[in-house]
Every structure is written in structure tokens, then in C-alpha cells.
Amino acid sequence: MIKFSFLMPTRNRPDLVRRFFQSLADTTAFPEFIEVVLAADEDDMESQAITEHRFRLTRVVTPKGANMGELNRACYQASKGRYVCLINDDVIVRTRAWDRAVYNVFARFDDDVALIHTNDLMFEEKLCTFPILSRIACDAIGVCPAQYRRYRIDDHIYDTYNMLAHIGHKRIFYLPDVIFEHDNYAHQGGRAGGHVGGNDKRVYVPKQEIIKLDAVDFDKTFDRRKSDALKLAHIIEERTTHLAEERVKASLATVRDSHGYRRPEFVQRLGPAALAGNGQAIGRVTIGVVTSGIEKPHAKKCLEAIKEHTSDYDLVILDNNNGKGFNHPREMNRILSVTRTDYLVLMDDDVFVESGWLDGLKKGFAFDKDAGVVVPLHKDKDNVLSYAGVYFMGNEYGMHAHLTQAPEAVREIQSLCSAIMMINIPACGHVRVDERYNKYFLDIDYGLRIWEAGFKVLVSPHSSATHLGGATLSYGTTESQRLWNADMRTFVNDWTKTGRIAAVEAIWARYPELKLLGIIPGRIKKLFDQGTPTTWEFARFRDEVEALRVITGRYPLFASLLKTGLEEHVERCAETDDKLKAEFCEKMLQAMSNVRFVNPGFAPILIGSRKGYNLVEFEESVYGVPLSLGALDLAKKNDRAKPGIITARTQEQVIINIDEASGETFDAPQEAAPTLECSHNGYNVASLGGVFYAIPLDLGRVDLLNASDRSKPGIITAFSVQEARSMIDKAPAKPSMQVIEAPFLSASAPLLLDSYKGYNIVSWKDAFFGIPLYLGDVDLSDAKARSHKDVLTADSRRRVDAAIDDRVPSAQNPTASGASPTLVEEGYKGFNIIYCGGRYFALPQGEGSFDMERVLDKRYSVMFSAGTHDDARRRINRAIVPLAFMRLKRGIKRLVGDSKTP
């Protein structure tokens, strides 16, 4: 299946086309999903002869003299991709895995209607130079008008989607970090001579006689763009309303006569209690409990508490029965869709309600007619108040925490915890929980949507419940951290980058408590803005810090923000020699020693280890962290700056850099084991290497590590679980079957679990192995390798850890073990080879004495590290020729008078 088609007209420039192909091959994550449709003139035989084997190439021969609009339309007619990109032959793709980034934007919308443009390093966000569109949209309105000669095609498309945004559907996305460099510019400083301004150092020089004609056509097609925007809006709205219409039709289909659908609860009785405002006017309530297994002890206790402390209610239970396809938001929405009362209490199965809890929630709705959702106070398992609402740190990641002081009366809160909440269905029943979230941020997103819909989120101190928290998935595990990062990314894309959260913050400013919560992080940020504190007099700075310390005493999230700012400011004071402020900051930090650091964004994830390094994924980078540095938290900027840490954009590049540092060649990492993600409508969905496979159950056992098995008929490939589900739903219906055996997911690949005291902990074939890092890659299928004297084997992770503890009582730092450096070989091709701490270091003679701190700080002009004496020699041999050439080149430049040569 082709995902992306590049539409590329070209004329007599085969070298540029091949350069584009190479850049595409170097950066594409899934080349098997890529197609280039190349349009060449009928007399351009050299371009027609271009071949390509790394991805699909489709050729279109066009009449000589066809204009750009006609060429793009011809390419589109020949293309097969779900998404198309109008591209030039003078583009160089610079960003790895660009296809994954672009697809993730389209995956947000079931209707596939969106315009994406990348960074061309010239116009950047000012113009969508190379638009990426969906086939659904292009089939509806055309890929572009035929009359454009060369210019204004991108303007025409961009204007159409701006009109679409004007009528309420914002579907334009600019990806600044995805670079499609446009290599067609002049180095000009100004905008004279008809140049079109782009990047300050690059300007585009169009042909004036052509652009004037295309500008006339652009003005003539204004009404057409209006019509096209309406067509796109219809696609979006039709898709949005389709499911709702189907639910309504299904409900009405159950009506058989004029009396069978009438219910007493349809009539609302408003007596004296309603006029008194005590919340008793709310009648029968639906309580919906979402559980992954009703037989679990906490789930049973949850239902028992409801029955003991509640009356006049309908109970709806959705039990996933421990299935792997469990999606919490989807189950919550299912309950929302079947609720027939005016109020719904949605709750998790690890919440235990208390006497009077429901009446206490009802008081929240009596308190304010604009109440959309009311939540109770939460207590933890030790009966300590743990939640009275949610507040935000005010950063770009949507970082948030729980308020832990009970209010005296019902009050507004910024957002909520969805473990238990009471929803006003007539007001907010149309607001659904976003099913793209896995576990985190779904309730934060939902609370913001309630505010966005014009209703309030309130907390009632008259109602409380015990919430265990983490009963489904323990916090702090690798799995939970991965889910946290994925859900945070969805939240950031939806609320921060779009500016939606700023509109909600403007609503909060009307309420004193919420306004204060918005002001505090702003004050802290202003205090520590680069350059600001250094201009403040000490007395002003001191007073502001002390005031903020008092204010943040009630808000641990803000206290962490203040503490982090103080830590970073100490270093800045040292740079400016401001000893007075530095001493004051140190004093404040001592007073705040009990304040816990809160990671303000994405969570670092340990993804493996290699040759004395832990591999850690954090934000958009991968870090190789030497084990000798001990425990670090890469969420802290200071820890990420520690000497010796290797940083790159991908895991593969970090491994290459680690291998180069050790003087060894790169070995490709072992292929990961397939993972079963979920089951859906007669298919199992499994992931392998970033690709998702939907496998029909009737295929029986399938080994995804086997290429021939992956190509079996009926298997669907996708970029996400969501897309796999959608494609399954669109696949031809299969006859009913009862197949209970899941397709075989090969467990032949060893699974790296962790790194511990210099060992990799590996699970393989129901056994656990402790493999010393110094052994490098070990093939566990080789009995000889498994029987190595230093490889530890046990039947559980706990016993492997115990065996390692017996051998390594405490972590050791080879650079601090007291081992003195030893000169192994002097003067080998101008280098000294020194042994220290289990490593061999090659340093140029004349660089002074060996110093491990200089090694870690990379303060030698040239330095190689290797695992053996011979490896150190090999690294010197490989480097000696380029080093000599570089010195010769510098000498020649000096002779010819190049003043720039050092």
C-alpha cells in the first residue's frame, strides 16, 4: 500500500532528480510506502530513463511545453498514494522519519482533510511551498487548477484551506522541524529587483513575466476557492455527524408503538427543593463504572460501596475482561452514548464512594447554573486528602498536578481527574473523551473541553471518595512513561501549538482563584528570564524570591518550578560574579531542600545499553549516558550537560558514536520482538519495528519476523493502531468464525529488560540472563555464549539481580577507582597509548600528561578510546592519513595567504 506520492515535474535535470531520490532514501522511515510520480517531457529521454529500486517510481510522459498546473494534475492522475506532496526536483529532504511525523498529523482526523507544509529553509511558515494533501480532499476539489503556468499553485491551495479555517475548520499545519530544503535561491540581503523575500539570507527570484500572468489567474479563481472550501467543510461535517446519525437511527428503530418508548424519568419534577437551591431537584442518576476486570478485588469493593451508599440510580458496568484492546476513553464514551438520564456519574473501578457522596455532588450543580461537570474530593489509601482539582504549571507541555487543600465551598477548578465525575448531560453530553489518549491527559483534555464549550468544572467539598490510583498500571514503569510521552505529545499538538489553551486561560481569568493560579508561574518565569535578574537590584530580587516561596508553599508544582529556577540561576550568578545573589540563592535552596523536583515535560526512558553506556530516550533525542556517572535524571538540564554524555537524534546514531569512542565497528541492533497491541473485528493487531500489522485470525499462526509470513494475503499494514482499526473496518466483511488461537508472535528475539551494575538483564525463552556489558553483543541462541563463565542465568529477574549483587556488591566507577594511568606504548605514529580504568587511550605526543578529567571534558585536540591495545592502534591507523591531509591543507592555505586559516 502506497502512503505518500510525490508529484514531481522535471525537465532535463536528471542529476537533481537523483539527488532528491538519494535524500528521500536516506530519510524515509518506511520506503516501501513511498512513490515518486515523475513527469518528463516527451523529448526528455534522459529523465524518462531514470530508474529507482528503493521505492516505487511511476513515470508520466507529457507533451512538451505543458505548464506546471497541467503537469501536477497529470502526476496526480497516475499516483496511488493516500497522501500527495507537490514537490520540485531541486528539493533535498533533510529530516529523518519525516513520513512518520507527517502521517501523525493526518492520523488525528478520520476524514483525512488537512494541509501540511514543511520548512523549506527559505519561506518557512510564511508560505506552504510544497503542500502535502490527502487523496480524499484532492478527489473532491482537484489537486490544483490547470491554468497556472508556474507560480501561485501553493498560494491557491493555502488560500483554500485558510477559507476552510475561516468557516470553523482549522486544518493547516506547519512542521518547522521537518525540513524539505528548497535549493533554488539567491544570496541577497534585500528585496530589491523583484525578489521575493524569504529567509534573511535566501531570497527567491521569480520570472516576473510569468508570475504576473499567474497572479491574474489567482484573482480570477477567488470564488472557486470559496466553493472548494465549502466542499471540504462538507466532507468534515459529514464524517463528524455520520456516527451520531447512525446512533440516533438505531435508537429510533427500537420504537415500535406510541407508548413503548415513554419513560417516567423523561419528566423533570421541580418542587420546593429546587427553588431552595439545595441540589435535591436532580432525580435519578446513571452511574457508569469502567473496569478492566470485574472480578478484581478493588472492582468488587467499588460496586459494593456504590450499592451501600447510593439510592435512586441506574448502574452501567463496562467490563473489558482483561482484554488487550482496552481503551479507557472509548469505554467512557460508550457509557455517555447510552445514558438516558440528565446526569451521569462516570467512575473508575478503583474508586470507593462514601455516605452522602452523591448528594454532595448534586450541591455543585445547585451552586452554579453553568456547572458542566462536578467532581468530589479524593483521599488516598491512607485516608489522606490527595485531590481537590487540577492546576497547571503554565508551560508548553501542559504539566499539571493535584490541588491538595479542600475548599470551604464549591469552587471552579482548571481541570479534573476523571476517576469520578458527575456530568450534566443536557449541557455537556455532546462533549466526548478523546479516544486518541491512551491513559494520561485524557481527563485534562476533557476538562478543558468543558470550559471551551461554555460550562464550568467545579469541585464540591461536600463529597469525597477514596481513589487508589495506579491500580491498572503502576506509575513510573517504562510502559507508563511511554504512554505519558505519547499522550503528552497529543495534548501539546492539540492545545499548546494551536493556541486553544490560551483561549481557555482567558476564561479562567474571570475567577479570582483560577486567575491566581495563572499568575504564579508567570511571575516565576519572569523572575528567571535570561538577563532579567541580573538587572534587578539585590533587594528587589530577594523580596520577590521570598514572596514566591511563601506563595508556592501550597502548590508543590510551583515550588518545584521556583527551586529549578534558583538552581539554574546560581550558575548564571557565578558567570557574572554576582556573589551576593549566588549566596542568597544557595540559602533559599537549603530552605527548600524538601521540595521534590517535578519533571516539567516528557519522561526520560531507558531503552537499552551498550558497552558501558545506558541508552536513554528523552524528548526528541537519544542519550548515551556512561554508567560511571551514576544515577542521573535527564529531565534536568544540568544532568544532561554532564561530561561524557553522547547525544544524537536517533538510537542508531548514538550506538555508532559509542562504537567509535570504543574503537569498534557498528553492529546493527537486534530486531525487536513483535508485540500484540489489540484484537479488533476478527483481526489481531501487532507492531514490529514501527509498523503495525492487522492479521486475520483465520490465517492461524503467523511469524512476523519472517518476511514471507508478513506478505501473506489479507494482512493489513498501517502506521498506527488507529489506522489499523480504521482499515479493518473498511475491509470486506468476513464470515463469522470462532478462532480463539491468536496468530503466533515469535518470541525468538531476546528482550532487553534493564541495565544493572554493569550487566544487561535479558529475558529469553522463559529464562533471565545477566550479561556483562564488556562482552558486548551476545547471541543467546549459541549454547557456548550462554555458558560463558561471566554470564549469569536464573529463572526470575529477582534471582539474576541477587546473583549480580553477589558479584558486584556496589556500583563501581572505573575512573574513580584509584587506578593510575600506565603508559603502554610511546610514540606510535606520533601518539602515546595509555591504559587507565579498563580502557586504552591514544593521545598525540606533546599534549601534556594524561588526565581523565580532560578526557571526559573532551579537552584534548585529538583523542581515541578503545577496548584493547590493538584497537587503539587501528584507530590511530585509520585517523593518521586524514589528520596529515588536514595539516597539509592548512599549510597550503597559509602559503597562499588565507587569513581565515587558524
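Trainee: Which ring does the charged end of Lys 3 sit over?
Mentor: The ring of Phe 33, with the charged end 5.7 Å from its centre. "Over" requires NZ of Lys or CZ of Arg within 6 Å of the ring centre and within 35 degrees of the ring normal. One caution: this is a predicted model, where local features need pLDDT of at least 70, side-chain atom pairs count only at pLDDT 80 or more, and totals for chains, interfaces and linings use all residues. Residues are numbered from 1 along each chain as its sequence is written, and side-chain values use heavy atoms, leaving out hydrogens and water.
Trainee: And what about Arg 500, which ring does its charged end sit over?
Mentor: That of Trp 495, 3.7 Å from the ring centre.
Trainee: Switching to ring pairs: how many aromatic pairs are there?
Mentor: The count is 25. Rings of Phe, Tyr and Trp (its six-membered ring) pair if their centres lie within 6.5 Å; planes under 30 degrees apart are stacked, over 60 edge-to-face, and the rest tilted.
Trainee: How far apart are the centres of Phe 6 and Phe 180?
Mentor: They are 6.3 Å apart, and the planes meet at 40 degrees, so the pair is tilted. Phe 6 is in strand β1 and Phe 180 in strand β8, 174 residues apart. Strands here are DSSP runs of E, at least two residues, numbered from the N terminus.
Trainee: Buried or exposed, Phe 6 and Phe 180?
Mentor: Both are buried, meaning under 20% relative accessible area (1.4 Å probe, protein chains only).
Trainee: Which rings are in the cluster with them?
Mentor: Ring pairs link them with others including Phe 4, Tyr 83 and Trp 98.

Key:
Helices (H or I, at least four residues) and strands (E, at least two) are DSSP runs, numbered from the N terminus. Buried means under 20% relative accessible area, exposed over 50%, partly exposed in between (1.4 Å probe, protein chains only).
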